[in-house]
Amino acid sequence: MKKLALAVAGTAAIALFAGACSSGDQPSSNPGAGSASAPAPGGAASGTLTVFAAASLTESFNVLGKQFEAAHPGVKVTFDYEGSSSLVQKLDNGAKADVFASADQKNMDKAVQDGVIDGQPSVFATNKLAIAVAKGNPKGIKTFADLTKPGLNVVVCAQQVPCGSATQKVEQSTGKALKPVSEETNVKQVLAKVQSGDADAGLVYVTDATSAAGKVDKVDFPESSGAVNQYPIAVVKNAPQAALAKQFTDFILGAQGKAELAKIGFGPGK
């Protein structure tokens, strides 16, 4: 009897072990059980990358975004273009983004101090001011001092915006105080007012005036060299796509990024 009992127990144990192995070979009936989102084929990254970028980067970053997508199948790059100060405010308020590219060091420094940036920002480009005027320059504007002439409708960026801060520096260095009819929250709004005829002239970046060639004329002035803005880029803290964000910043800092930015007048990073 004792031998019979041992034999029965052994048979049961073998059957139990076989059943366990069999069930482990089959897919779970619960599709969410113990599984994570599958990576793209070949382990490539995929998903949406959100980039907060200064408005003056619109044309260059739109092109670079497409190039980055082409090199990373399955990735979609979306942009939020605004004044740098507005973008920092959004990050401070909890807006989700992966990358922040500022049009000046001041706003990037604020983002770092506010704890919304991960790691050390890197400068990838420089930019300086130019005067945008109507095609043909009907008001005959040739110098920064000409912007102080009576009866001229001049538009600038607000002081907290990088292009506005640069404008202030030029005013201080030249001793020429402007009396703008409006102060805009980003440089593209200044450009739009010149294009529409609502302003006779506007202080924008060289790159904005260049990208709008055929719609406005560009007047360069030597004093702009004393108010050059540096453009830093960084990964946002707790970025939903942190790995992709690092790849994108490296791409912007690389040869392809530099080449595209130079096309419309951005200077090299320093």
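Predicted model: local features only at pLDDT ≥ 70, side-chain atom pairs only at ≥ 80, totals over all residues.

Colleague: How are H3 and H4 oriented to each other, roughly parallel or roughly antiparallel?

Modeller: H3 and H4 are roughly parallel, a label for angles under 35 degrees, with over 145 being roughly antiparallel, 65 to 115 roughly perpendicular and the rest oblique. The axes of H3 (residues 84-92) and H4 (residues 105-113) cross at roughly 5° and come within 9 Å. Axes are lines fitted to C-alpha atoms over the stretch in contact, with angles from 0 to 180 degrees between N-to-C directions.

Colleague: Which residues make the contact?

Modeller: Ser 84, Ser 85, Val 88 and Asp 92 of H3, with Asn 107, Lys 110 and Ala 111 of H4; contact means heavy atoms within 4.5 Å.

Colleague: Other topic. Is Asn 229 buried or exposed?

Modeller: Buried, at a relative accessible area of 5%; buried is under 20%, exposed over 50%, partly exposed in between, with a 1.4 Å probe and protein chains only.

Colleague: Where does Asn 229 lie, and what does Asn 229 touch?

Modeller: Asn 229 lies in strand S10, residues 229-236. Leaving out residues up to four places away in sequence, Asn 229 touches several residues, including Asp 104, Asn 127, Cys 163 and Tyr 205. A polar atom of the Asn 229 side chain lies 3.4 Å from the backbone oxygen of Pro 162.

Key: Residues numbered from 1 in each chain as written. Heavy atoms only, no water. Helix = DSSP H or I, 4+ residues; strand = E, 2+ residues; numbered from the N terminus. Polar contact = N/O pair within 3.5 Å; in protein donor to acceptor, adjacent residues only side chain to side chain.
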